[in-house]
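Subject: Structure handover

Hello,

Here is the structure we talked about. Please open it and keep it beside you while you read on.

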Amino acid sequence: MSVFRPLALVLAIVLAACSTPSPSESGTETDAQLREITLLLGFRPDVQFAPFYVAQQEGYYAAAGLEVTIEHKQAPDVQRLVADGGAEFGVADATDVMIARTSGIPIRYASTLYQSFPVAIIGAAGDAPTEPAELEGRTIGTPGRFGSSWHALLGLLESAGLTEDDITVREYPQFNQVEGLVNGDVDLITGFRNNEPLQLHAQGFDVGVLTVDDFAPLPGPGVIVGDDLLESDPDVVGAFVEATAAAQAAVIDDPDLGFAAAQEAVPAVAEDPEVARAVLDATIELWRGDGFDNGQVDRELWDTGYATMKRLGFIDGSVPVDDMIADLSGG
């Protein structure tokens, strides 16, 4: 299933962005012509959101006829507000979209941000497993029994014929499982390849990583939209995802552009710019995957991930994949 209009429209947005001022720079008459929308990102500003900052600051959204306000919320609030129309767009894990949609929450996955699944199992170099079967008997730290980290961990266990009963789980609700690993409280932790390993490396801790993609493939985080907006104004949805994809492609091509936008939007970047830049570079590799596809949804990967989530009991199969993904083909 194709979810995007012709690539020519994406290119048109890129070209227009080069000559169109951002909403903050344009005059009152131009401002009045822009469609105001709200975008909900993760619970705190972060360098990983650089494409959205670039799209906002460099005029990609303005060229698409949009004035975008960015807000930061917890994941459950992102889904609820997008579903209820309190915000037009958000960013969410694909696995959470599967669960939400099965539960009757009217949101859909509109475009892909991460071509590679970001979650990994992380441990000390030489001690981290190289195969899921090596998870048996280990003590693993994770924020909790929810979200993409938990889904990935169970998916890895299942791929080796294991279950939660074959490991010891220690929960870190404050997302400080890195401290547990450094202190020796756990053998391994769940984390994001573009985050926790870099934190550990900055502390002089050599790490090993077991990725999810090779053993239990799951679709990565992406842009979500509510059913009401998708049905009432699909052109706005298409314009937003195409502008975002164009900005993301620009950051992949020129990481300095993305880092500069993040520095402007995220004051915390100044606290440790070297680590922040390393996070951005690692994140770009996850966006890129085997080749950046301008946000296109990988239906085969969705089918595989859907089957995994069903076997694990997170979804019951009552809602088909087609009802979880926004069709922006215009057909």
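**What was found**

The protein chain has 14 helices and ten strands. Both are DSSP runs numbered from the N terminus: helices are H or I with at least four residues, strands are E with at least two. This is a predicted model: local features need pLDDT of at least 70, side-chain atom pairs count only at pLDDT 80 or more, and totals for chains, interfaces and linings use all residues. Residues are numbered from 1 along each chain as its sequence is written, and side-chain values use heavy atoms, with hydrogens and water left out.

**The whole chain**

Of the 331 residues in the protein chain, 51% are buried. Buried means under 20% relative accessible area, exposed means over 50%, and partly exposed is in between (1.4 Å probe, protein chains only). Take the contacts between residues at least 6 apart in sequence: 80% of them join residues at least 24 apart. Contact means heavy atoms within 4.5 Å.

**The cores**

A nonpolar core is a set of buried Ala, Val, Leu, Ile, Met, Phe, Trp, Tyr and Cys residues joined through side-chain atoms within 4.5 Å. The largest one has 50 residues, and Leu39, Phe52, Tyr61, Phe89 and Phe240 touch the most other members. Helix 11 gives the largest share of this core, eleven residues. A second, separate core has 23 residues, including Leu40, Ala83, Ala87 and Val321.

Leave aside neighbours within four places in sequence. Phenylalanine 89 is then in contact with residues including Leu39, Val82, Val225 and Phe240.

Alanine 64 lies in the loop between helix 4 (60–63) and strand 2 (66–72).

**Helix 11 and helix 12**

Helix 11 (residues 234–253) and helix 12 (residues 255–265) pack at about 115°, with axes 5 Å apart. Axes are lines fitted to C-alpha atoms, for helices over the stretch in contact, and angles run from 0 to 180 degrees between N-to-C directions. The two helices are therefore roughly perpendicular. That label covers 65 to 115 degrees; under 35 is roughly parallel, over 145 roughly antiparallel, and the rest oblique. Ala250, Val251, Ile252 and Asp253 in helix 11 meet Pro255, Leu257 and Gly258 in helix 12.

Valine 119 sits in strand 5 (residues 119–124). Valine 119 counts as buried because its relative accessibility is 1%.

Best wishes
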